[in-house]
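Subject: Structure handover

Hello,

The structure is below, with the findings after it. Please read them next to the coordinates.

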Amino acid sequence: MMLMALLPPGARGPKVNRRAWRALRIERGLTQTGLGRLADVDASHISRIESGVRTHPSPKITKRVADALGVEVRDLLAADLEAAR
């Protein structure tokens, strides 16, 4: 998915499933700090996403986290997880 190509620079990304982010991170044995280092994203940003304070991270952040977790961007999006139920 070329998520970044679909949105203009600075645009808010699609809603993510914070529980999926957390579950995938824990499944891989990563702390928020560890994931942040791998994805080049501040750990506090990861924390805000997982706690639900931030629900629409930028496409750039979502892509970095997906790459660090070894998953597709769509695996982190709320819409795809809702549809799979």
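Of the protein's 85 residues, 36% count as buried (buried means under 20% relative accessible area, exposed over 50%, partly exposed in between, with a 1.4 Å probe and protein chains only). This is a predicted model, in which local features need pLDDT of at least 70 and side-chain atom pairs count only at pLDDT 80 or more, while totals for chains, interfaces and linings use all residues. Residues are numbered from 1 along each chain as its sequence is written, and side-chain values use heavy atoms, with hydrogens and water left out.

The protein has six helices and zero strands (DSSP runs numbered from the N terminus: helices are H or I of at least four residues, strands E of at least two). Taking contact as heavy atoms within 4.5 Å, 66% of the contacts between residues at least 6 apart in sequence join residues at least 24 apart.

The largest nonpolar core has 17 residues, and Trp21, Val65, Leu69 and Leu76 touch the most other members. Such a core is a set of buried Ala, Val, Leu, Ile, Met, Phe, Trp, Tyr and Cys residues joined through side-chain atoms within 4.5 Å. Helices H2 (18–27), H3, H4 and H5 each supply at least two residues of this core, and the largest share, four residues, comes from H5. Leaving aside neighbours within four places in sequence, Leu76 is in contact with residues including Val16, Trp21, Leu24, Val65 and Leu69.

Two helix pairs follow. Axes are lines fitted to C-alpha atoms over the stretch in contact, and angles run from 0 to 180 degrees between N-to-C directions.

H3 and H5 pack at about 105°, with their axes 8 Å apart. H3 is therefore roughly perpendicular to H5 (65 to 115 degrees counts as roughly perpendicular). Leu35, Leu38 and Ala39 in H3 meet Arg64, Val65, Ala68 and Leu69 in H5.

H3 (residues 32–39) and H4 (residues 43–51) pack at an angle of about 115°, again with axes 8 Å apart. On the H3 side Gln32, Thr33, Leu35 and Gly36 meet Ala43, Ile46, Ser47 and Glu50 in H4.

Finally, Val53 lies in the loop between H4 and H5 (59–69). Why does Val53 count as exposed? Because its relative accessibility is 63%. The C-alpha atoms of Val53 and Arg18 are separated by 9.8 Å, and the two residues are 35 apart along the chain.

Regards

Conventions: Parallel < 35°, antiparallel > 145°, perpendicular 65-115°, else oblique.
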